[in-house]
Amino acid sequence: MSRVRIHQHVNPLAPFYQFTPQAIEIRKVFARPQMPFHLDIGSARGGFLLKMAAIKQDWNFLGIEIREPLVEEANKIRDENNLNNLHFEFCNATFALDKLLENFPVDILRTITIQFPDPWYKKKHAKRRMVKDNLVETIVRHIILNGKIFIQTDVDFLAEEMFATFRANKNLREIEVDENPFPVKTEREAAVEEKGLPIFRRIFEKVEEKK
Ligand SMILES: C[S@@+](CC[C@H](N)C(=O)[O-])C[C@H]1O[C@@H](n2cnc3c(N)ncnc32)[C@H](O)[C@@H]1O
């Protein structure tokens, strides 16, 4: 299969990516909108969700990705595989996730994954990193009570930074985890494991506000 050619990275702070998407109307997009939802942030080519949606047909899956050609390609593969429980959306997560999820019913978003987000190594590029206080607040606003967010990365300083940002939220409880709890590995996860390099993982669970 030929793969669409894309920029390796895009700058999420560039004016082009500061757009506000239409709120998703799940009744129009998903065949069975009453099923529980999983959200994958930074879904890239969509390999993780394409496999998950095929395995777990009693769940809906939403992938969001800032590189539009990848979103188009992933939705095309979704259609070729008749997966009516899966949708990919072009969205800058840091800027517009709240708007995208505006019309989501409460009590439907059960699990979220953030897997190997771009590290933006240089200090001057730190502002481009995806996990910020406002993203965590958006997640907490939309995920159900006891819903879980799974985060993994192979970059140690980024792991510490992301975990600290999630830990600081009063509605999240941190859970140590060694393994990916999902039955599918992302492309990046498989590549890192192949090299035998460490992966840093956490789950955060939404709870009633901590004292
Ligand atoms: C290193 S890739 C990892 C892809 C996949 N999750 C994996 O584990 O193989 C990070 C992905 O996040 C996307 N991304 C980066 N910033 C984003 C943002 N602000 N909103 C949505 N997607 C973003 C990138 O375009 C890229 O596809």
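The structure is a predicted model, in which local features need pLDDT of at least 70 and side-chain atom pairs count only at pLDDT 80 or more, while totals for chains, interfaces and linings use all residues. Residues are numbered from 1 along each chain as its sequence is written.

**Exercise 1.** Determine how many residues of strand β1 are buried, and which strands pair with β1.

*Solution.* Begin with the terms: helices (H or I, at least four residues) and strands (E, at least two) are DSSP runs, numbered from the N terminus. A residue is buried if 20 or more other C-beta atoms, placed from the backbone, lie within 10 Å of its own, exposed if 12 or fewer, and partly exposed in between. By this count, five of the five residues of β1 (residues 37-41) are buried, so the strand is largely enclosed by the rest of the structure.

Next, consider the directions: in a regular strand the side chains alternate between the two faces of the sheet. In β1, F37, L39 and I41 point one way, whereas H38 and D40 point the other way.

Finally, look for partners, remembering that two strands pair if DSSP finds at least two bridges between them. Five bridges join β1 to β2, and these strands run parallel; here I41 has I64 of β2 as its bridge partner. β1 also pairs with β4 in the parallel sense, over five bridges, and the partner of H38 in β4 is T111.

**Exercise 2.** Find which residues of helix α5 are buried and which exposed residues lie on the face turned away from them.

*Solution.* In α5 (residues 133-142), the buried residues are L135, V136, I139 and H142. Seen down the helix axis, they fall within an arc of 135° (taken from the directions from the axis to the C-beta atoms), so they line one face of α5. The face turned away from this buried side carries D133 and N134, which are exposed.

**Exercise 3.** Describe which residues come nearest to the ligand and how the shell around the ligand divides by residue type.

*Solution.* A residue is near a molecule if its C-beta atom, placed from the backbone, lies within 6 Å of it. Of the 19 residues around the ligand, G42, A44, A93, T186 and R188 come nearest. The elements giving two or more residues to this shell are β2 (60-65), α4 (93-100) and α7 (187-194), and α7 supplies the largest share, three residues.

To sort by type, count Ala, Val, Leu, Ile, Met, Phe, Trp, Tyr, Cys and Pro as nonpolar, Asp, Glu, Lys and Arg as charged, and the others, Gly among them, as polar. The shell then divides into eight nonpolar, five polar and six charged residues.
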